[in-house]
Amino acid sequence: MLATAEEVGRRAARVVLEELEAGRLAALGVATGSSPARVYEELAAAGARWEGVEVFALDEYVGLPPGHPESYAAVVDRQVRAPLGLDPRRVHVPDGGAADLDAAGAAYERALAERGGVDVQLLGIGATGHIGFNEPGSSFTSRTRVVELADRTVADNARFFDRPEDVPRRALTQGVATIGTARRHVLLAQGAAKAGAVRAALEGEVSTDCPASALRTFDDVLVLLDPAAASLLD
Ligand code: F6R
């Protein structure tokens, strides 16, 4: 546990920068949403050289008009690609607008596999216990595919949209097993709204009821919590 939400972001950024400086960061896995926002600010401020680094997003909404500012392609472009000065051809986001979403999921898996998976995967956790958009019930062997978002997730995401009816109800997300292929994982959680999910993930049963509990089956996992997110842990 760290003293503040800001410290959570700073520590996660330090992990990424250490891997970059050691020449071990060929691919970075990025989450969207509030949890990693500070990480991207820290990475941009570090003035590091990012040439050659590939970036892979965890997920993308299905059903948004192309170019929507809250599509994860747009968010990753704004928060990660532009500030780090990355070549757009090195930034990958699942194609949630594809006519054939199953094929788009398979293509994303191939793109990840061709680059040997990501070296560091940044993760947030949903109040439902999701990682990526793998909601409760998602198999630990799941791969990139279309999913229905839980009602709670739709409600939580509504803050990014003008009208409730604009909030997407489906997404194309890396599966639990896809996320597990990352060499290192860094989960960030800040705020009391995450405390229950954090407890289920870290101290509950390892079960598809809480997809984030799969982290306990992954190889190299760092969990960074602020006091509110850690408040229900034993
Ligand atoms: C986003 C993602 C989600 C979020 C989670 C937490 O790409 O995959 O798992 O990380 O919903 O969202 P925030 O950080 O906005 O609370």
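The bend at a residue is the angle between axes fitted to the seven residues ending there and the seven starting there. This tour uses that angle at its second stop, in a predicted model whose local features need pLDDT of at least 70, whose side-chain atom pairs count only at pLDDT 80 or more, and whose totals for chains, interfaces and linings use all residues. Residues are numbered from 1 along each chain as its sequence is written.

**The sheet**

Begin by displaying the strands; helices (H or I, at least four residues) and strands (E, at least two) are DSSP runs, numbered from the N terminus. Six of the strands form an open sheet in the order S4-S2-S1-S5-S8-S9, with parallel pairing. At its edges lie S4 and S9 (221-225), each of which pairs on one side only. Two strands are taken to pair if DSSP finds at least two bridges between them. In general, strands of a sheet pair through backbone hydrogen bonds, either parallel or antiparallel.

**Helix H3**

Select residues 72-84, which make up helix H3. The 13 residues reach 17 Å from the first C-alpha to the last, close to the 18 Å expected at 1.5 Å a residue; the expected span is 1.5 Å times one less than the number of residues. Centre the view on arginine 78, where H3 has a kink of about 35°. Just after the helix, glycine 85 takes a positive phi of about 70°.

Next, colour the buried residues of H3: Tyr72, Ala73, Val75, Val76, Gln79, Val80 and Arg81. A residue is buried if 20 or more other C-beta atoms lie within 10 Å of its own, exposed if 12 or fewer, and partly exposed in between, with C-beta atoms placed from the backbone. The buried residues of H3 pack against several elements, among them strand S1 (27-30), helix H2 (37-45) and strand S2 (54-57).

S2 is joined to S1 by 4 bridges, and the two run parallel. Here alanine 27 stands opposite glutamate 54.

Move on to S5 (120-123), which is joined to S1 in parallel by 2 bridges. Leucine 28 has valine 120 as its bridge partner in S5. Both faces of S5 are covered, with Val120 and Leu122 on one side and Gln121 and Leu123 on the other.

S8 (residues 184-189) pairs with S5 in the parallel sense over 4 bridges. Look for glutamine 121 opposite histidine 185. S8 is largely enclosed by the rest of the structure, because 6 of its 6 residues are buried. Finally, 5 bridges join S8 to S9, and alanine 189 stands opposite leucine 225.

**Isoleucine 131**

Now select isoleucine 131, in the loop between S5 and strand S6 (145-148). Isoleucine 131 counts as buried because there are 30 C-beta neighbours inside 10 Å. Leaving aside residues up to four places away in sequence, isoleucine 131 touches Leu123, Ile125, Ile179, Pro211 and Ala212; contact requires C-beta atoms, placed from the backbone, within 7 Å of each other.

**The ligand**

End at the ligand, which 14 residues surround, the closest being Thr32, Gly33, Ser34, Ser35 and Gly124. A residue is near a molecule or strand if its C-beta atom, placed from the backbone, lies within 6 Å of it. The shell has 5 nonpolar, 8 polar and 1 charged residues. Ala, Val, Leu, Ile, Met, Phe, Trp, Tyr, Cys and Pro count as nonpolar, Asp, Glu, Lys and Arg as charged, and the others, Gly among them, as polar.

Key:
Contact = placed C-beta atoms within 7 Å.
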